[in-house]
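Subject: Structure for you to look at

Hello,

Here is the structure I promised to pass on. Please open it first, then read my notes below.

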Amino acid sequence: FVKLSGLLLASSFAWYLGYIFAAHVPQESLSTSIAYLQDIGKKPVLRAPLPRRQKCDHWSPCSPGSYAYRILSGGGKEKLAKICFEDELLISEEKGNVGRGINIAIVNYETGALTSANFFDMWE
């Protein structure tokens, strides 16, 4: 009889403590705890961050106060020269202002605006 009454007393005491604990815990923390418990069995999805594209396709950004540029030399009749300045193509086949020989683009240093772009055919 003593063991049975001790078991009933301990069970009711545990139930009462659980009731008090549940009454004082906010509902948001319970829902987030349940969500965390549900995510335990899932495998993490690892994704590599996308590389950030820099101006004129450089690997790293230019220092402040400097301009980004890239000059690609042509080769043969199929591959023509390209000049990129601050992520804008100044001379390219798409713009139609490139040719064999020497390709020159003049840029205003203070504003970065294109002043003139031309090519000089040294063969003729």
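This is a predicted model: local features need pLDDT of at least 70, side-chain atom pairs count only at pLDDT 80 or more; totals for chains, interfaces and linings use all residues.

Start with the hairpin. Strands β4 and β5 form it, with six residues between them. In the turn, G112 has a positive phi of about 80 degrees. β4 covers residues 102–107 and β5 covers residues 114–120. The two strands run antiparallel and are joined by six bridges.

Everything here is computed from it.

Now the overall layout. The protein chain has two helices and five strands. From the N terminus on, the order is α-α-β-β-β-β-β. So much for the list of elements; the dimensions come next.

The C-alpha trace spans about 115 × 35 × 20 Å along its principal axes. The radius of gyration of the protein chain is 36 Å. Of the 124 residues, 11% count as buried. The accessible surface comes to about 11100 Å². Carbon and sulfur atoms hold 63% of that surface. Take contacts between residues at least 6 apart in sequence: 16% of them join residues at least 24 apart.

Next, the other sheet. Three strands make it up, in the order β1-β2-β3. The sheet is open and its pairing is antiparallel. Which strands stand at the edges? They are β1 and β3 (88–91). Each has a single partner strand, so one side of each is left without a neighbour in the sheet. On average, neighbouring strands here are turned by 20 degrees against each other, direction ignored. Between β1 and β2 there are four bridges, again in the antiparallel sense. Within this pair, Y69 stands opposite F85 in β2.

Then the cysteines. How many disulfides does a search of the whole structure find? It finds one. The partners are C56 and C84, with their sulfur atoms 2.1 Å apart. The link is left-handed, with -85 degrees about the S-S bond. It connects distant parts of the chain, as its two cysteines are 28 residues apart. C56 lies in the loop between α2 (27–38) and β1 (69–72). C84 lies in strand β2, residues 82–85.

The cut-off for buried is under 20%.

C62 is another matter. It is in no disulfide. The nearest cysteine sulfur is that of C56, and it is 8.0 Å away. A disulfide needs the two sulfur atoms within 2.5 Å, so that distance rules the pair out. Where is C62 placed? It sits in the loop between α2 and β1. C62 counts as partly exposed, because its relative accessibility is 37%, and that class runs between 20% and 50%. Leaving aside residues up to four places away in sequence, C62 touches Y67 and A68.

Go to the turn with G112. Then follow the link from C56 to C84. Finish at C62, which is in no disulfide.

Best wishes

Conventions: Residues are numbered from 1 along each chain as its sequence is written. Side-chain values use heavy atoms; hydrogens and water are left out. Buried means under 20% relative accessible area, exposed over 50%, partly exposed in between (1.4 Å probe, protein chains only). Two strands pair if DSSP finds at least two bridges between them. Axes are lines fitted to C-alpha atoms, for helices over the stretch in contact, and angles run from 0 to 180 degrees between N-to-C directions. The radius of gyration is taken over C-alpha atoms; the globule rule is 2.2 Å times the number of residues to the power 0.38. Contact means heavy atoms within 4.5 Å. Accessible areas come from the Shrake-Rupley method with a 1.4 Å probe; for residues, only the protein chains shown count as cover.
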